Amino acid sequence: MDRSKRNLRREAAKAFIASLDQLENVLVSDAVEASASLSRALDGASLSHPQASPTPIEPYDLDRAAAEIEAFFQSQSKDLSAS
C-alpha cells in the first residue's frame with residue numbers, strides 16, 4: 001500500500017475514533033440528564049404519595065403467572081418458526 005493510502009486510512013481512523021468519542025459524550029450526557037430527571041420525579045413522588053406496604057403475592061398466583069408467561073413465549077416461538 002502506498003503512503004497516501006496509508007495516510008488516508010490513518011486520517012479516516014482518527015475521524016472515526018473522534019466521532020465515537022462524540023457519540024459517547026452525547027450518550028453519557030443524555031444518561032446523566034435522564035437519571036437526574038428520574039431522580040427528581042421519584043423524589044417528588046415519594047413526598048406527595050407515601051408508599052403503601054406491598055401486598056404479598058401468593059404462591060398460586062406466581063405459578064399461574066409463570067405458566068402464562070411460558071405459554072406466551074411458546075406461542076411466540078411457534079409463530080416465529082412458522083414464518
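The numbering starts at 1 along each chain as its sequence is written. In this predicted model, local features need pLDDT of at least 70, side-chain atom pairs count only at pLDDT 80 or more, and totals for chains, interfaces and linings use all residues, while side-chain values use heavy atoms, with hydrogens and water left out.

**View 1. The protein chain has 2 helices and 0 strands.** Helices (H or I, at least four residues) and strands (E, at least two) are DSSP runs, numbered from the N terminus. Helix H1 covers residues 3-48. Helix H2 covers residues 59-82. How much of the chain is buried? Of its 83 residues, 0% are buried. Buried means under 20% relative accessible area, exposed means over 50%, and partly exposed lies in between (1.4 Å probe, protein chains only). The accessible surface of the chain is about 7,800 Å². Carbon and sulfur atoms hold 60% of that surface. Such areas come from the Shrake-Rupley method with a 1.4 Å probe; for residues, only the protein chains shown count as cover.

View 2. A salt bridge puts a side-chain nitrogen of Lys or Arg within 4 Å of a carboxyl oxygen of Asp or Glu. Side chains of opposite charge can pair when their charged atoms come close. Glu-11 is partly exposed, at 47%. The structure holds 2 salt bridges.

**View 3. Arg-64 and Asp-61 meet in a salt bridge.** The N to O distance is 3.9 Å. Why are these residues about one helical turn apart? They are separated by about one turn because they lie 3 residues apart in helix H2. Arg-64 is partly exposed at 42% relative accessibility. Asp-61 is partly exposed too, at 33%.

**View 4. A nonpolar patch lies on the surface.** Its members are Phe-16, Ile-17, Leu-20, Leu-23 and Leu-27. Together they have about 480 Å² of accessible area. Patch residues have over 30% relative accessible area and no salt bridge; like charges are joined within 9 Å, nonpolar side chains (Val, Leu, Ile, Met, Phe, Trp, Tyr) within 5 Å. Leu-20 belongs to helix H1. Leu-20 is partly exposed, at 38%.

**View 5. Phe-72 and Phe-73 form an edge-to-face aromatic pair.** Rings of Phe, Tyr and Trp (its six-membered ring) pair if their centres lie within 6.5 Å; planes under 30 degrees apart are stacked, over 60 edge-to-face, and the rest tilted. The count is 1 aromatic pair. The ring centres are 5.6 Å apart, with 65° between the planes. Phe-72 is partly exposed at 46%, whereas Phe-73 is exposed at 53%.
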